[in-house]
Amino acid sequence: MVKTEPPSSRPPPVAGSSASAFPDERDTVNPAFSRAVGDRVVRFVEDVLGEDIDAKIARIRTHHNETGHDPFGFDPQTTRYALAAAALLHRYYFRTEVHGIENVPADGRLLVIANHSGQVPLDGVMIATALMMDADPPRFPRSMVEKWTAELPFVSVLFPRVGQVVGSPSNARRLLENEESLVVFPEGARGISKTFDKRYQMTPFGLGFMRLALETGTPIVPVAVVGAEEQYVSVGDLKPLAKLLGMPAFPIIPQLFFGMLAPLPTKYRLYFGEPLHFEGDPDDDDAVIEEKVWTVRTAIESMLQRGLEQREGVFF
């Protein structure tokens, strides 16, 4: 007797296509296996650092909606994997010095305002990691990301899972009303894409963060970042190509031409200033708001200059 196979539940292949267009369940990655690998990585990092990453994640205060989930897509499991990787960079690759972390309030709504540089937002990653690994209790940082990141493969999924939110006034207001901490770079793309000859020269600040602080009664912690400017040295900006690709800038980074894809291992120094409190009408004229923004900018500039004067070198 000829043994026959049971009928397949798969749809028949379309003419002109390969049967592999319908992947077999056996070809997919087992989620349990992925979690097991991720857990081993986290435990390895904890052993290397001598720090309990899971304990940090467990102390995060989140706000769930009626279904029991974070309304912006935050996933603790993904975040613990990301924090493990970021902690290695923080402690060993960039060897970050953190000053004034005790100035970060233990709870309540908070705006963290910093200078921006480095071509890729690793400065934001290091600030976020410091808030998680060095603040006591840990503060889980949110940040506003550009709208175009929602169209990028992988990134569009990863960012929400690690707590990042597409930038809009309503999203920012909602986060602060939930007593969360929000990291903002008022220089925006102009700051991060500076060429090397403009290093540590801050570009004009936007006014939106100050109007938001006034509207929600949120204190501001100014932060100065020293070390990011030198991680990817940009000697120029191909603006026509950037415009063609829909990017804010297209930097010319010599180290990439030599196959050095990773950032240079500069030594990061983060300076957290004392909280600043402001009062006033969020709908005031720009001139009035600019005076308050100037106070924040001056605080950051002062810490920047002190940090630059104190450091002995870019890499140590």
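In what order do the seven strands of the open sheet lie, and with what pairing? In this predicted model, the strands of the open sheet follow the order 1-9-6-2-5-3-4, and their pairing is mixed. Strands (E, at least two residues) and helices (H or I, at least four residues) are DSSP runs numbered from the N terminus, and two strands are taken to pair if DSSP finds at least two bridges between them. Residues are numbered from 1 along each chain as its sequence is written. Because the model is predicted, local features need pLDDT of at least 70 and side-chain atom pairs count only at pLDDT 80 or more, whereas totals for chains, interfaces and linings use all residues; side-chain values use heavy atoms, with hydrogens and water left out.

The edges of the sheet are formed by strand 1 (97-99) and strand 4 (165-166), each of which pairs on one side only. Strand 2 (residues 110-114) runs parallel to strand 6 (residues 220-226), and four bridges join them; Ile-113 has Pro-222 of strand 6 as its bridge partner. Strand 3 is joined to strand 5 by three bridges, again in a parallel arrangement, with Ser-143 bridged to Val-183 of strand 5. Two bridges connect strand 3 with strand 4 in the parallel sense, and here Val-145 has Val-166 of strand 4 as its partner. Strand 3 is largely enclosed by the rest of the structure, because four of its five residues are buried. Buried denotes a relative accessible area under 20%, exposed over 50%, and partly exposed the range in between (1.4 Å probe, protein chains only).

Helix 8 (residues 208-216) lies across strand 2, strand 5 (181-184) and strand 6, and runs at about 160° to strand 2. For such angles, axes are lines fitted to C-alpha atoms, for helices over the stretch in contact (heavy atoms within 4.5 Å), and values run from 0 to 180 degrees between N-to-C directions. Helix 4 is mostly covered, with 10 of its 12 residues buried; among them are Leu-122, Met-126, Ile-127 and Met-133. The end C-alpha atoms of helix 4 are 16 Å apart, which agrees with the 16 Å that its 12 residues should span at 1.5 Å a residue, the expected span being 1.5 Å times one less than the number of residues.

Aromatic contacts were also examined. Rings of Phe, Tyr and Trp (its six-membered ring) pair if their centres lie within 6.5 Å, and planes under 30 degrees apart count as stacked, over 60 as edge-to-face and the rest as tilted. By this rule the model contains four aromatic pairs. Phe-74 and Phe-140 form a tilted pair, at 4.7 Å centre to centre and 50° between the planes. This pair links distant parts of the chain, 66 residues apart: Phe-74 belongs to the loop between helix 2 (53-58) and helix 3 (76-93), and Phe-140 to the loop between helix 4 (122-133) and strand 3 (141-145). Phe-74 is buried at 10% relative accessible area, as is Phe-140 at 8%. The pair of Tyr-93 and Phe-94 is edge-to-face, because the ring centres are 5.1 Å apart and the planes stand at 90°. Tyr-93 is partly exposed at 28%, whereas Phe-94 is buried at 0%. Together with Tyr-268, Tyr-93 and Phe-94 form one aromatic cluster.

A charge is counted as sitting over a ring if NZ of Lys or CZ of Arg is within 6 Å of the ring centre and within 35 degrees of the ring normal. The charged end of Arg-199 sits over the ring of Phe-196, 4.0 Å from its centre, and that of Arg-297 over the ring of Phe-205, 5.4 Å from its centre.
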